[in-house]
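Please look through the structure below before reading on. The paragraphs after it go through its parts in turn.

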Amino acid sequence: MTAKLLLRYSPEALDKPILARVIRQTSAEINILHAELDATKGEILVGVEAPPAEIEKLMYLLKKNGIDAKKLERAVELDENSCLDCGACLSLCPTGALHTKKDYSVRLDEDKCILCEVCIPACPVRAIKITKF
Amino acid sequence: MVTKTYEGINQRIREGEAVVVTAEEFVEIARERGAKRAAKEVDVVTTGTFGAMCSSGAFLNFGHADPPIKLGGGEIYLNDVPAYTGLAAVDTYIGVTSLSTTKGMEYGGGHVIEDLVRGKEITLRGSGYGTDCYPRKEIETTITIHDLNQAVLCSPRNAYQRYNAATNSRDETLFTYMGTLLPNFGNVTFSGAGVLSPLGRDPNYETIGVGARIFLGGAQGYIGWEGTQHNPTKGFGTVLVIGDLKEMDPRYLRGCTIHRYGTSLYIGLGIPIPLLNERIAEAAAVGEEQIKVNLLDYGAPRRDRPVVREVTYAELRSGKVEVHGREVPTSPLSSFKLSREVAQKLKEWIQRGEFFLSAPVELLSRDSAFKPMKQIAEVPLVREIMTKPVITGLPDEPIARAAKIFAEHNFDHLPITDKQEKLLGIVTSWDVAIATGTKKKKLSEIMTKKVVVANEDEPVDAVARRLQQHGISGLPVTNTKGEVVGIVTTEDISKLVGRRRK
Ligand code: SF4
Ligand code: SF4
């Protein structure tokens with residue numbers, strides 16, 4: 001099964017190789033989808049390929065090491081049929097998950113979405129929806 | 001010298017010979033071969049825009065009920081959205097910003113118009129006061145666009161020539177007609193279709209005038225007059241447009257909600273520009289890097305918002321603009337993709353001989369300017385009503401000092417500043433009350449650091465709204481240097497309102 005975890009680093013945890021260490025302790029396959037790190041905080045979005053028990057173990061290990069790991073239980077979907085490609089959502093999306101193609105159509109890269117939900121009320125025609133997994 | 005006539009171009013359209021290109025294509029052609037040669041080769045340049053246009057609406061005629069009812073002077077609701085009743089018995093105007101009485105901003109006049117065009121059933125609820133000729137007082141029925149005698153889209157102001165871009169200097173998110181503006185210059189929004197913007201392609205109004213046939217909501221419509229707030233001297237012209245709603249296509253008319261601002265209608269609108277002479281061609285050849293607008297700070301709640309900088313459409317469209325040395329992401333609010341589609345569709349109509357140009361019977365004014373509202377009373381500024389001088393505290397002072405001040409002076413807010421009077425935080429009587437019995441000693445330990453502030457030059461109304469939004473009773477007032485110069489409370493404001501009423 002694939003799960004999406006949002007990892008929040010405290011400033012103290014930032015310069016330690018925690019993720020690498022934890023990954024070695026599990027058989028989970030981890031894919032970094034998006035990372036935002038600066039001196040004061042860090043957020044990494046990862047996709048995890050592993051059986052449910054292994055995901056639980058991974059989360060336990062991360063938390064023990066001072067990383068707040070949250071499983072994202074929902075997904076954001078863009079209904080391309082009703083989307084106007086107006087772009088009102090673009091500058092609000094913190095990760096670039098909402099982006100434009102060459103022909104100026106607006107698309108959503110679900111892998112990069114951290115479910116902040118800012119885009120949802122900002123869409124004038126309600127083309128972005130939250131769905132539960 | 002190139003001179004063409006409307007009749008000449010229409011003859012070529014009839015013969016399938018007319019050369020028609022979109023404005024985007026024309027800019028490229030002119031770049032390669034020069035505007036003069038391009039003027040010779042091209043007959044018509046098509047434009048297009050697709051944006052939320054709040055000054056829009058539709059006239060509808062329901063026909064008479066039996067027994068008849070006079071809705072004029074009464075009330076009309078379409079899917080619970082109030083429509084205008086200052087007309088005769090069964091005529092109405094539904095404006096796109098009118099909000100549903102049951103769904104609020106989720107559904108409004110713009111959505112009613114979209115649903116009509118989609119052929120959906122609409123609930124009509126109305127009442128009248130009853131007369132000898134119109135005895136009936138209430139009506140409730142359902143209608144579709146096919147049941148109406150006329151349904152005419154008629155917007156007093158559409159297709160702004162260009163539009164200023166928006167950003168926000170404040171430390172809170174703002175919800176505006178320019179979309180969601182993130183705090184601390186977090187994003188920039190803009191509207192308009194750049195090179196495709198219809199009025200921007202004929203900024204001297206040599207071809208755009210009363211009676212000109214246009215693309216409106218997927219059908220053929222007309223320019224009816226100059227738009228309200230038409231301001232060609234500043235490069236902000238507008239047009240009044242009119243067209244048959246019954247022929248329109250819901251792809252080009254979309255009801256929308258601008259978050260925490262209101263409802264509106266996205267309209268696809270395109271105007272053909274005949275290249276009658278070289279001057280017109282030159283104006284139509286201007287590239288996006290030459291179309292400049294001001295980037296305004298919507299953080300200032302005044303009519304004349306401060307200009308942050310000048311930006312070009314080319315920069316805005318690139319997705320990032322520089323604001324105070326930082327790259328800031330941009331959001332177009334008009335759909336460039338659909339603007340392109342409108343221009344393309346109009347081009348195809350002309351090429352297929354389905355759309356002919358009509359010479360305007362009257363040109364629009366080129367020298368009108370947009371006046372502000374006449375106000376009989378000046379809006380007071382915060383500095384005129386604030387309490388001053390203000391007593392402030394230092395972070396290292398004991399909590400007991402605040403308690404003493406509150407008791408002696410009968411107020412509840414103590415701004416905490418550094419030695420230069422720069423604001424650091426605020427302590428309220430409530431903070432002091434809940435700190436008693438705890439180990440906390442210094443004011444710095446109990447102060448709120450994220451303080452909502454007002455500037456002394458802001459209008460009182462803006463500050464009243466801020467107090468209400470944050471559910472607080474007072475806030476410190478700072479000058480442009482960030483020094484605390486006073487305090488303004490809900491009480492100061494109610495006193496003022498009392499004074500205004502007298
Ligand atoms: S919820 Fe919307 S704004 Fe937030 S990351 Fe996902 S797509 Fe971007
Ligand atoms: S705001 Fe909504 S309609 Fe506009 S581009 Fe984004 S998803 Fe599409």
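Eight residues of domain 1 of chain A touch eight residues of domain 2 of chain A, where contact means heavy atoms within 4.5 Å. Domain 1 of chain A covers 2–72 and domain 2 covers 76–130; such bounds come from an automatic or database domain assignment. Taken over C-alpha atoms, the centres of domain 1 and domain 2 of chain A are separated by 26 Å. This is a predicted model, in which local features need pLDDT of at least 70 and side-chain atom pairs count only at pLDDT 80 or more, while totals for chains, interfaces and linings use all residues. Residues are numbered from 1 along each chain as its sequence is written, chains are lettered from A and ligands numbered from 1 in the order in which they are written, and side-chain values use heavy atoms, with hydrogens and water left out.

The size of an interface is often given as the accessible area lost when the parts come together. Buried area here is the accessible area (1.4 Å probe) that two parts lose on being put together, summed over both. For domain 1 and domain 2 of chain A, this comes to about 610 Å², with 61% of it on carbon and sulfur atoms. On the side of domain 1 of chain A, the residues that lose the most area to domain 2 are K4(A), L33(A) and H34(A), which together make up 54% of what that side buries.

What kinds of polar pairing does the rule find across the interface of domain 1 and domain 2 of chain A? There are two residue pairs in polar contact, both at pLDDT 80 or more. A polar contact is a pair of N or O atoms within 3.5 Å; within protein, one must be able to donate a hydrogen and the other to accept it, and residues adjacent in sequence count only if both atoms are side-chain atoms.

The side of domain 1 of chain A that touches domain 2 of chain A draws at least two residues from each of strand 1 (2–9), strand 2 (29–37) and strand 3 (42–49) of chain A. Strands (E, at least two residues) are DSSP runs, numbered from the N terminus. Strand 2 of chain A gives the most to this side, with three residues. By class, the side has four nonpolar, one polar and three charged residues. Here Ala, Val, Leu, Ile, Met, Phe, Trp, Tyr, Cys and Pro count as nonpolar, Asp, Glu, Lys and Arg as charged, and the others, Gly among them, as polar.

Within chain A, E80(A) forms a salt bridge with R107(A), with the closest N and O atoms 3.5 Å apart. This pair links distant parts of the chain, 27 residues apart: E80(A) is in the loop between strand 5 (74–78) and strand 6 (98–100) of chain A, and R107(A) is in strand 7 (residues 106–108) of chain A.

Next come the ligands. Ligand 1 is surrounded by 13 residues, the closest being C93(A), C113(A), C116(A), E117(A) and C119(A); a residue is near a molecule if one of its heavy atoms lies within 4 Å of it. The shell around ligand 1 has 11 nonpolar, one polar and one charged residues. Ligand 2 is surrounded by 13 residues, and the closest are C83(A), C86(A), G87(A), C89(A) and C123(A). Its shell divides into 11 nonpolar, one polar and one charged.

Chain A also meets chain B: 19 residues of chain A are in contact with 24 residues of chain B. The two chains bury about 1,700 Å² between them, and carbon and sulfur atoms give 55% of that area. L84(A), S91(A) and Y104(A) supply 34% of the area that chain A buries against chain B, more than any other three residues. Two salt bridges are counted between chain A and chain B. D85(A) and K337(B) meet through their side chains in a salt bridge (3.8 Å, N to O).

Chain B is divided into domain 1 (6–53 + 154–363), domain 2 (63–148) and domain 3 (382–501). The C-alpha centres of domain 1 and domain 3 of chain B lie 47 Å apart. Across the interface of these two domains the rule finds one salt bridge. R466(B) forms a salt bridge with E172(B), the closest N and O atoms being 3.9 Å apart.

How values were computed
Helix = DSSP H or I, 4+ residues; strand = E, 2+ residues; numbered from the N terminus. Salt bridge = Lys/Arg side-chain N within 4 Å of Asp/Glu carboxyl O.
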